Amino acid sequence: MDNLPRFTAAAVQAAPVYLNAGATIEKAIGLIAEAAAGGAELVVFPEVFVPGYPYWNWTMNPVQGSPWFERLYRSAIDVPGPYVDQLRAAARQYGVVLVIGVNERGPHSLGVLYNTLLTIGPDGELLGVHRKLVPTWAEKLTWTGGDGSSLKVHRTPVGPLGALACGENTNTLARFALLAQGELVHASCYIALPVAPADYDMAEAIAVRTAAHSFEGKVFSVVACSTVSQEIIDTVAGDDEEVRALFSRPRSALSGIFGPDGRPVTPPLVDEEGIVYGEIDLGRCIQPKQMHDIVGHYNRFDVFQLHVDDRPRTPVTFATDPAHTRGPLATPAPVSAATAGLAKEDA
């Protein structure tokens, strides 16, 4: 265990080229190159960075928003697909572990969009495709929920890495499922939310959630949030001055790196576009875990048990398909104390 990774992480806080997947991918590749030039080995992008967030769900009624859903669907990407191949090539070219949020078109229905996080290794391998389990509030008008098959921790050169999208970071059981698989680096991907209730401070909410996961799990968290560009305001708000003022609300975004003590490694970035860099030394996770290891000695697995159904969910299962044994009658896979800790290859 003398060779626990030490590396630089980068949290990207930026706006997409709104509803333009190709241009947003190009912007992302430029930011990956910039982060790698800054020494980053892990680069984390915001939630649904490609090609943007459906803000109209918060400012229009469902009938008004329906044409916008179609516009987003047509601008979304396929996984796998050519845009994913570009991101894989960029990760390989710059030698970084990459986490980035995309709008993913469902392969079986024109009515299905997923809020998806892609995790890509420095060799360009697509390690993970995590679909947000539960869209939050107004987001249910746009996204279909994912399943437990993607709730995984990936073994990467920067350590055991897990990722959740926005409100999933308030889901205690989802976070515990990652921690219990040995997660030591957590990617939290958010969108700027100027349309939240008036008493809701999005920047503070992001910081509280990120600090809580880092402190509870004794892990490092890299949190990346999008920003609201003038292009987004002009596109969604148009001539509606009330909505334009709403989109200009401050403290709607925060990005940064937090340590296992729950404190920021470096000052977070609020609202402005930019890249936050932070040094991560996974050796700093050891001593805090001696005090509170909630996936080890500081739990009672004879009292508490978490079972995660990690079966992929599909609209139809055919009896002739050899994979049908993973269908609705399959036994759920448990996440228990036996899965906690690092795999031998990380020792």
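Hi everyone. Two ground rules before we look around. Residues are numbered from 1 along each chain as its sequence is written, and side-chain values use heavy atoms, with hydrogens and water left out. Because the model is predicted, local features need pLDDT of at least 70 and side-chain atom pairs count only at pLDDT 80 or more, while totals for chains, interfaces and linings use all residues.

Let's begin with two helices. Helices here are DSSP runs of H or I with at least four residues, strands are E runs of at least two, and both are numbered from the N terminus. How do H1 and H4 pack? Helix H1 (residues 21–37) and helix H4 (residues 82–94) pack at an angle of about 10°, and their axes are 10 Å apart. The axes are lines fitted to C-alpha atoms over the stretch in contact, and angles run from 0 to 180 degrees between N-to-C directions. So H1 is roughly parallel to H4, a label for angles under 35 degrees. Contact means heavy atoms within 4.5 Å, and the H1 residues that meet H4 include Ile25, Ile29 and Ile32, while Tyr83 and Leu87 are among those on the H4 side.

Next, a loop residue. Threonine 142 lies in the loop between strand S5 (126–131) and strand S6 (154–156). Is threonine 142 buried or exposed? Threonine 142 is buried, with a relative accessible area of 4%; buried means under 20%, exposed over 50%, and partly exposed in between, using a 1.4 Å probe and protein chains only. Leaving out residues up to four places away in sequence, threonine 142 touches Pro54, Asn57, Phe69, Leu72 and Leu113.

In that loop between S5 and S6 we also find tryptophan 137. Tryptophan 137 is exposed, at 60% relative accessible area, and its phi is near 55°, a positive value in a residue other than glycine. Most residues other than glycine have a negative phi, and most peptide bonds are trans. Which peptide bond ends at proline 51, and what is its form? The bond from valine 50 to proline 51 is cis, with omega near -15°. The bond from valine 79 to proline 80 is cis too, with omega near 0°.

Last, charges over rings, meaning NZ of Lys or CZ of Arg within 6 Å of the ring centre and within 35 degrees of the ring normal. The charged end of arginine 131 sits over the ring of tyrosine 114, 3.8 Å from its centre. Lysine 218 has its charged end over the ring of phenylalanine 215, 3.6 Å from the centre.

Notes: Parallel < 35°, antiparallel > 145°, perpendicular 65-115°, else oblique.
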